[in-house]
Amino acid sequence: MNASNPVGLLPELEVVRKDFPILERVLAGGRPLVYLDSANTSQKPQVVIDAMVDHLERHNANIARAMHQLGAEATVAFEDARDKVAAFIGAPERAEVVFTKNASEALNLAANTLAWAGERQVRAGDEVVITEMEHHSNIVPWQLLTQRTGATLRWFGITEDGQLDLTQVDDLITERTKVVSLTWVSNMLGTINPVAEITRRAHEVGALVVVDASQAAPQLPIDLAAMSDDERPDLIAFTGHKTVGPTGIGVLWGRRAVLDQLPPFLGGGEMIETVTMASSTYAPIPHKFEAGTPPIVEAVGLGAAVDYLSHLGMDAVHAHEQAITGYALAGLATVPGLTILGPNDATLRGGAIAFELDGVHPHDIAQVLDSRGVAVRAGHHCAKPAHARFGVQSSTRMSSYLYTTPAEIDALVDGLEYTRSYFKLG
């Protein structure tokens, strides 16, 4: 394409890119890395790397146990990370932020505890509603819950243009609905879902709302405290490694009233108030859900990551993502035989764009692009039902982020044109 830069890019994009040392890599064959797989995992700025190294070199100790200076320093660093995450998402209370090992564990925590949760307990005759565009992490836990309790699992379909089909909302969300769980931003279709609207409808019938924000937290401004009570979800999960943070750390935010009602997910050290051989009582939130030694250095890294994103400003990050996504959609539209799965309007979607190229398997596309230094993902992206909805086994997915440049999108488009010629498609 090589067109002029779209409006909305981060104003100091090249400066931002220098914060990410991996982006300076030159791959085999002398080609610079073009990283377009950020929906899979984002790259990490130097400040995150430095924060984790400094903690390991100077402050490493277990938290909330050791009565020495290193233990106190580690505890402060871990709890400071909780404060930073709470501020990042606008949590009304810091205690509502629970650290897990990833978003999958956070969603499993929600689904499993709802099998045991007193008045919140999901029982036979109840219904759980999800959507056809969910990541497997927000499908399988609810399948397991309904199978074990005798409840019924139902779901929203997807329209031809990749939006949730809301025409049946009143038939899906009823007085029998106990839980509604949905993704905020689809990892395959890129669709941004109307979370507030669905939450409002679910709350009208007394249902609990769980949101997978794994793709939303990296690119959308989230301010839970600013949301009205009827539009604020009850539980939200996201993961650190997509928000320029490390792997091995996730977040479950929940309303205090809900978290207080849920029983512990895992039993062990630090989640207890007292233990006898006959019974135990449990610590208040968030510690009730943080059994054992937590991911300490990972939490420190996540704290540095959300600080970095907050410094850039999530409004600016979102504007950049929309601009670069619009540029990518326009570029991909020039490739003959290429079909985009999901909305074609950048204002309706996030930065993950899945597509098909007539006559070429997604794995072959990814391999050819990789030979040219362009990193994308090929497969079902842990979203097999969404692929089945569009009659495909798999797709190729490019995903941009705050460090993606128009030149990298040009490299992708050029690589796809090369792929067509390589496979002699005209």
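At 32% relative accessibility, glutamate 270 counts as partly exposed in this predicted model. Glutamate 270 sits in the loop that runs between α8 (256-261) and β9 (272-275). Its phi is near 75°, a positive value in a residue other than glycine. Cysteine 382 likewise has a positive phi, near 55°, and is not a glycine. The loop that holds cysteine 382 lies between β14 (377-379) and α12. With a relative accessible area of 24%, cysteine 382 is partly exposed. A further backbone feature is the cis peptide bond between isoleucine 285 and proline 286, where omega is about 0°. Proline 286 belongs to the loop between β10 (280-282) and α9 (296-312). As background to these backbone features, most residues other than glycine have a negative phi, and most peptide bonds are trans.

Histidine 387 is located in helix α12, which spans residues 384-389. The relative accessible area of histidine 387 is 0%, and since the limit for a buried residue is under 20%, histidine 387 is buried. A polar atom of the histidine 387 side chain lies 3.4 Å from the backbone oxygen of histidine 380. Apart from its neighbours within four places in sequence, histidine 387 is in contact with Met188, as well as with Gly379, His380 and His381.

Two helix pairs were examined for packing geometry. In the pair formed by helix α10 (residues 314-332) and helix α13 (residues 406-422), the axes come within 10 Å and cross at roughly 20°. Angles under 35 degrees count as roughly parallel, and α10 and α13 are therefore roughly parallel to each other. Their crossing is right-handed. On the α10 side, the contact is made by Ile324, Tyr327, Ala328, Gly331 and Leu332. These meet Pro406, Ile409, Asp410, Leu412, Val413 and Leu416 of α13. Sorted by class, the residues in the contact of α10 with α13 are nine nonpolar, one polar and one charged.

Valine 413, a residue of helix α13, is buried, with a relative accessible area of 4%. When residues up to four places away in sequence are not counted, valine 413 touches Gly331 and Leu332, together with Thr334 and Val335. Methionine 314 is 99 residues from valine 413 along the chain, and the C-alpha atoms of these two residues are separated by 28 Å.

In the second pair, helix α2 (residues 46-59) and helix α3 (residues 69-89) have axes 10 Å apart and pack at an angle of about 160°. Because angles over 145 degrees count as roughly antiparallel, this makes α2 roughly antiparallel to α3. The crossing of α2 past α3 is left-handed. From α2, the residues His55, Arg58 and His59 meet Leu70, Glu73, Ala74 and Ala77 of α3. The contact of α2 with α3 comprises three nonpolar, two polar and two charged residues.

Methods. Residues numbered from 1 in each chain as written. Predicted model: local features only at pLDDT ≥ 70, side-chain atom pairs only at ≥ 80, totals over all residues. Heavy atoms only, no water. Axes fitted to C-alpha atoms, helices over the stretch in contact; angles between N-to-C directions. Helix = DSSP H or I, 4+ residues; strand = E, 2+ residues; numbered from the N terminus. Parallel < 35°, antiparallel > 145°, perpendicular 65-115°, else oblique. Left-handed = near helix turned anticlockwise from the far one by under 90°. Contact = heavy atoms within 4.5 Å. Nonpolar A, V, L, I, M, F, W, Y, C, P; charged D, E, K, R; others polar. Buried < 20%, exposed > 50% of the residue type's maximum accessible area, 1.4 Å probe, protein only. Polar contact = N/O pair within 3.5 Å; in protein donor to acceptor, adjacent residues only side chain to side chain.
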